Amino acid sequence: MKTRTRLIGGTAGALALAAAGAVLADIGDDDELIINGEIEIVTGAPAPDFVEGLSTIYSGWVFRSPETQAMEQDDFENPAMIYVDQAREMFDTPMGSEGQSCSSCHEGGPEEFEMVRATYPQWDEEHGEVQTVEMQVNECLTERMGAEPLDWNGQDMRNMTALISAVGRGQIVDVAIDGPAQSTWEQGEELYYTRFGQLELSCASCHEQNYGNLIRADHLSQGQINGFPTYRLKDANIVSIHNRFRGCIRDTRAETFAIGSPEFIALELYVASRGNGLSVEGPAVRN
């Protein structure tokens, strides 16, 4: 895969990674994630055919310390679940001019969405675009409930996407990249291999070429998003996919794209498809 270059500065990112150290994480078949003793999570799978730089894909869970891993294995220990509970309350709360709640249409509760996280982003025929989970939530609010849209990165939206992920845990990620979604996927692929900022780093620089190595005293993962939204211990809150994209590009010392931008929607589609074969495990726990 050819590496593209954009917003180049003077310091080579390869030097930064080399200086960080190259200690491989222990990744193997011994890593087994079972949530609440019953939800089996696939944390390693053959890489999709289009991924040229990897033979096996791994969940970010396998790169974490045993202490952090254990937090995700039990909902009583997972700090993200408080936000899932908040979203369940919101699900039953009437909103907007129509006086309806989410449960007014979805009488089976949030569990009706068990396949959503595993298949999104996906092409929306009615609107003629690729939609993320956030876009689908706001479509329901504005077009069906007469309510105001949620802030893409606001707490309520992060709570709701955490709930949608939680009810889909264990489902196998299977994001479609063909048909009308292909051009958006190709844009996302282009972004994934583009070098950004003064450090001249692409997504692939860290998550494909250096996963398992140490940087800032932490192991780089493959950047899979099957665990998002994820509870980050450093933030003491759940973090959205686009927030993490923004942070990664910012860390290259580049001007980043906006949350909810066409660029990040395309990147999300591409990165989500790189995780095809893993299980949905959000809201995960990460450092």
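## Helix 6 and helix 7

Helix 6 and helix 7 are roughly perpendicular to each other, a term for angles of 65 to 115 degrees. In this predicted model, the axes of helix 6 (residues 133–144) and helix 7 cross at roughly 110° and come within 10 Å. The axes are lines fitted to C-alpha atoms over the stretch in contact, and angles run from 0 to 180 degrees between N-to-C directions. Helices are DSSP runs (H or I, at least four residues) and strands are runs of E (at least two), numbered from the N terminus.

Contact means heavy atoms within 4.5 Å. By this criterion, V133, E134, V137 and N138 in helix 6 meet M157, M160, T161 and I164 in helix 7. The residues of this contact comprise five nonpolar, two polar and one charged. Here Ala, Val, Leu, Ile, Met, Phe, Trp, Tyr, Cys and Pro count as nonpolar, Asp, Glu, Lys and Arg as charged, and the others, Gly among them, as polar.

## Helix 8 and helix 11

Helix 8 (residues 182–192) packs against helix 11 (residues 262–274) at an angle of about 90°, and their axes are 7 Å apart. Helix 8 and helix 11 are therefore roughly perpendicular to each other. Residues of helix 8 in the contact include W185 and L191, while those of helix 11 include L267 and Y270. The contact of helix 8 with helix 11 divides into nine nonpolar, four polar and three charged residues.

## The buried side of helix 3

In helix 3 (residues 81–91), the buried residues are M81, Y83, V84, A87, M90 and F91; buried means under 20% relative accessible area, with a 1.4 Å probe and protein chains only. They lie on the same side of helix 3 because they cover an arc of only 160° around the axis, taken from the directions from the helix axis to the C-beta atoms. Among the elements covering these residues are helix 7 (155–166) and strand 11 (230–232).

## V167

V167 is located in the loop between helix 7 and helix 8. Its relative accessibility is 13%, so V167 counts as buried. Beyond its neighbours within four places in sequence, V167 is in contact with R88, P110, E111, F113 and E114.

## Confidence and conventions

The protein chain averages a pLDDT of 91, where pLDDT is the predictor's confidence in each residue, from 0 to 100. Over residues 1–25, pLDDT stays under 50. Where pLDDT is low, the predicted coordinates should not be read in detail.

Residues are numbered from 1 along each chain as its sequence is written, and side-chain values use heavy atoms, leaving out hydrogens and water. Local features need pLDDT of at least 70 and side-chain atom pairs count only at pLDDT 80 or more, whereas totals for chains, interfaces and linings use all residues.

Technical notes:
Buried < 20%, exposed > 50% of the residue type's maximum accessible area, 1.4 Å probe, protein only. Parallel < 35°, antiparallel > 145°, perpendicular 65-115°, else oblique.
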